[in-house]
Amino acid sequence: MTLLTTVFAAVAATVIWYFTAQRAKMQLGTLSLMYWGASLMWFVDAIFEYVELGAEFFTPSATDMLHDFYLGLSVVALGLVIWLVILLIKDPKGVIRKNSKEN
């Protein structure tokens, strides 16, 4: 479920990046690459887990699937937090600079 969750996030971020005019300004490529990197990490993890477990890999318990889903959502949320911090630091629309000048 972690792999599936991050792949969906990576595909969504890539589609948004592709169809958005301000993709470079809003650092959408960075967000997309973070999710694709996480997907690659979970894919390698799935390969090693399959080698270790064999056919049992395809019959996880409901509890394991739920825990993996929560872990995948946590990775997606952490990626969003990192992306937001990057946006706040770069301030592409100048909102923070404009508000700091007013005060």
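Modeller: A definition to begin: helices here are DSSP runs of H or I, at least four residues long, numbered from the N terminus. And keep in mind that this is a predicted model.

Colleague: Fine. Where does Q27 sit, then?

Modeller: Q27 is in the loop between α1 (2-19) and α2. Its backbone stands out as well. Q27 has a positive phi of about 60°, although it is not a glycine.

Colleague: Is Q27 buried or exposed?

Modeller: Buried. The relative accessible area of Q27 is 16%, and buried means under 20%.

Colleague: What about L28 — which helix is that in?

Modeller: L28 belongs to helix α2. L28 also counts as buried, because its relative accessibility is 8%.

Colleague: New topic: charge. Which residues gather in the negative patch on the surface?

Modeller: Five acidic residues: D45, E49, E52, D64 and D68.

Colleague: Which helices supply them?

Modeller: α2 (28-53) and α3 (62-90) each supply at least two residues of the patch. The largest share comes from α2, with three residues.

Colleague: Take D64. Where is it, and how open is it?

Modeller: D64 lies in helix α3. Its relative accessibility is 43%, so D64 counts as partly exposed.

Colleague: And how far is D64 from L28?

Modeller: Their C-alpha atoms are separated by 32 Å. Along the chain, L28 and D64 are 36 residues apart.

Colleague: Let's switch to aromatics. How many aromatic pairs are there in the whole structure?

Modeller: Six, from a search of the whole structure. One of them is Y18 with F19: the ring centres are 5.0 Å apart and the planes are at 90°, so that pair is edge-to-face.

Colleague: Are Y18 and F19 buried or exposed?

Modeller: Y18 is exposed, at 53% relative accessible area. F19 is exposed too, at 66%. The cut-off for exposed is over 50%.

Colleague: What about F69 and Y70?

Modeller: F69 and Y70 form a tilted aromatic pair. The distance is 6.4 Å centre to centre, with 40° between the planes. F69 is partly exposed, at 30% relative accessible area.

Colleague: Last one. Which residues do ring pairs link into a cluster?

Modeller: W17, Y18 and F19.

Key. Residues are numbered from 1 along each chain as its sequence is written. This is a predicted model: local features need pLDDT of at least 70, side-chain atom pairs count only at pLDDT 80 or more; totals for chains, interfaces and linings use all residues. Side-chain values use heavy atoms; hydrogens and water are left out. Patches are made of residues with over 30% relative accessible area and no salt bridge: like charges are joined within 9 Å, nonpolar side chains (Val, Leu, Ile, Met, Phe, Trp, Tyr) within 5 Å. Accessible areas come from the Shrake-Rupley method with a 1.4 Å probe; for residues, only the protein chains shown count as cover. A salt bridge is a side-chain nitrogen of Lys or Arg within 4 Å of a carboxyl oxygen of Asp or Glu. Lys and Arg count as positive and Asp and Glu as negative; His and the chain ends are not counted. The place of a charge is taken as NZ of Lys, CZ of Arg, CG of Asp or CD of Glu. Buried means under 20% relative accessible area, exposed over 50%, partly exposed in between (1.4 Å probe, protein chains only). Rings of Phe, Tyr and Trp (its six-membered ring) pair if their centres lie within 6.5 Å; planes under 30 degrees apart count as stacked, over 60 as edge-to-face and the rest as tilted.
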